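These are my notebook entries on one chain. I record what I looked up, entry by entry.

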Amino acid sequence: MKKSRPFSRISVFLMIFLSLGVCLFTGCSEKKTEDDPDNWMGLRLEETEENRYATGFTIRKYEGGAYRLSVSGANAEYLILPEKAESPANVPSDITVIRQPKQNVYLASSSVMCYFYELGAKETVGFTSTKAGDWTDPEVKKAVEEDEITYVGKYNAPDYEWLVQEKTTLAIENTMILHSPKTKEQLEQLGIPVLVEYSSYEEHPLGRLEWIRVYGCILGKEEAADTFFKEQEELFLKQKKDRTEQPLKVACFSITPNGYVSVQKPGSYMAALIREAGGEYFLTEEASGEEKDSGSLNLQMDRFYETAKDADLLIYNGNIYGVPESLQALVREQPLLADFKAVKNKNVYSVGNDLFQGPTKVARVMEDLSAIMDGTSEETEYFHRLKD
């Protein structure tokens, strides 16, 4: 990537001031009023592409190759246009316009990288907020180390000057940006469209994979995205197993620095994978006691002991706090674990950040999970047995 000296901070602030001045003196577009999906901003609807698993987005295709992307979690609307297509007049201010194809994309959501790679569009990614050492994919890690993809700072404090100078065409953020709304606002004021993606909120693992269709539309690779999704769906479904007669009870957890046990909720990605592989997740919706049934939950050790002591399989989630060096090291950290059935049987595995950075690999993850649940493999690509 060609590098040159960034703009000064004064020039960036001047751009922000001028963009605000345009709105003040000429008037920004009005917000949308009546919503007519069949005739949206004068565009004629051709088809609505129904999702098979995903619930977090809707894609509608309009004449001229335009797409309307609705992201329900963000309550946001996006108009995706071909590179040379004329934009409708008076686009409402609450609709973000994204043009195909993209160059110098800024990915602040690390899990999105795999979608771009699978679609053969890695060259469109110019910037990231994830350091080289935090990537698990060797190819991505090397690209960041060699500055083919430039690290531009943390997601909540990127180098705005650099992004502007290098003509960034799109910023893709995960929901962490909601904790730093001013960052999103500043990117938009600098003329960089921002897509906040909610793929991690999907309850079904294939729902998370189906977000590849979103990036297929953005990159002008709709057919490739559909083909890849259908292939992976078929491979995933081949791994599904019915263990209703004697399902394995499985718990997924990690130990926090302050001694709590962080467990995956019943509606989480890992819990859904366990059920799809025919397992019984140890924590029920009633036992979680939470309105939101996804993500993680912190429990006292005695509560975890009550609910997971008899689990047949323990999976240690090393995504945030890292993986214990050994089974003995884990027990030293929490001595009560020595009484757990899975620990006594040495049926404890770890999973790392590579699983969460690679939603497109879900079929392979299912294959590995089925293998350790069947007891046919002690070591897989994604799951590693903790040894003494």
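**Entry 1: basis and overall content.** I take helices (H or I, at least four residues) and strands (E, at least two) as DSSP runs, numbered from the N terminus. On that basis I record 15 helices and 18 strands for the chain. I note that this is a predicted model, in which local features need pLDDT of at least 70 and side-chain atom pairs count only at pLDDT 80 or more, while totals for chains, interfaces and linings use all residues. Residues are numbered from 1 along each chain as its sequence is written, and side-chain values use heavy atoms, with hydrogens and water left out.

I looked up burial next, where buried means under 20% relative accessible area, exposed over 50%, and partly exposed in between (1.4 Å probe, protein chains only). Of the 388 residues in the chain, 51% are buried. I then turned to contacts, meaning heavy atoms within 4.5 Å. Among the contacts with a separation of 6 or more, 63% join residues 24 or more positions apart.

**Entry 2: confidence.** I read pLDDT as the predictor's confidence in each residue, from 0 to 100. The chain average is 87, and 87% of the residues score at least 70. Where does pLDDT stay under 50? I found residues 1–10, with 24 contacts beyond four places in sequence, and residues 16–33, with 21 such contacts. Where pLDDT is low, the predicted coordinates should not be read in detail.

**Entry 3: the H8 and H15 pair.** I examined helix H8 (residues 222–239) against helix H15 (residues 362–374). Their axes are 8 Å apart and the packing angle is about 10°; axes are lines fitted to C-alpha atoms, for helices over the stretch in contact, and angles run from 0 to 180 degrees between N-to-C directions. Angles under 35 degrees count as roughly parallel, over 145 as roughly antiparallel, 65 to 115 as roughly perpendicular and the rest as oblique. H8 and H15 are therefore roughly parallel to each other.

Which residues meet in this pair? From H8 I list Gln232, Leu235, Phe236 and Gln239, and from H15 Val362, Ala363, Met366, Glu367 and Ser370. By class, this contact has 5 nonpolar, 3 polar and 1 charged residues, where Ala, Val, Leu, Ile, Met, Phe, Trp, Tyr, Cys and Pro count as nonpolar, Asp, Glu, Lys and Arg as charged, and the others, Gly among them, as polar.

Entry 4: Is Ser254 buried or exposed? Ser254 counts as buried because its relative accessibility is 4%. Ser254 belongs to strand E12 (residues 249–255). Leaving aside residues up to four places away in sequence, Ser254 touches Tyr260, Val261, Ser262, Tyr316, Asn317 and Tyr321.

I located Asp159 in the loop between strand E9 (150–151) and helix H4 (160–165). Asp159 has a relative accessible area of 33% and is partly exposed. Its C-alpha atom is separated by 9.8 Å from that of Ser129, 30 residues apart along the chain.

**Entry 5: backbone geometry.** Most residues other than glycine have a negative phi, and most peptide bonds are trans. I checked the loop between strand E6 (95–99) and strand E7 (105–107), where Pro101 is placed. The peptide bond from Gln100 to Pro101 is cis, with omega near -25°. Asn104 is found in the loop between E6 and E7, and its phi is positive, near 55°.

Asn75, not a glycine, has a positive phi of about 50°. I placed Asn75 in the loop between strand E4 (66–71) and strand E5 (76–81). With a relative accessible area of 72%, Asn75 is exposed.
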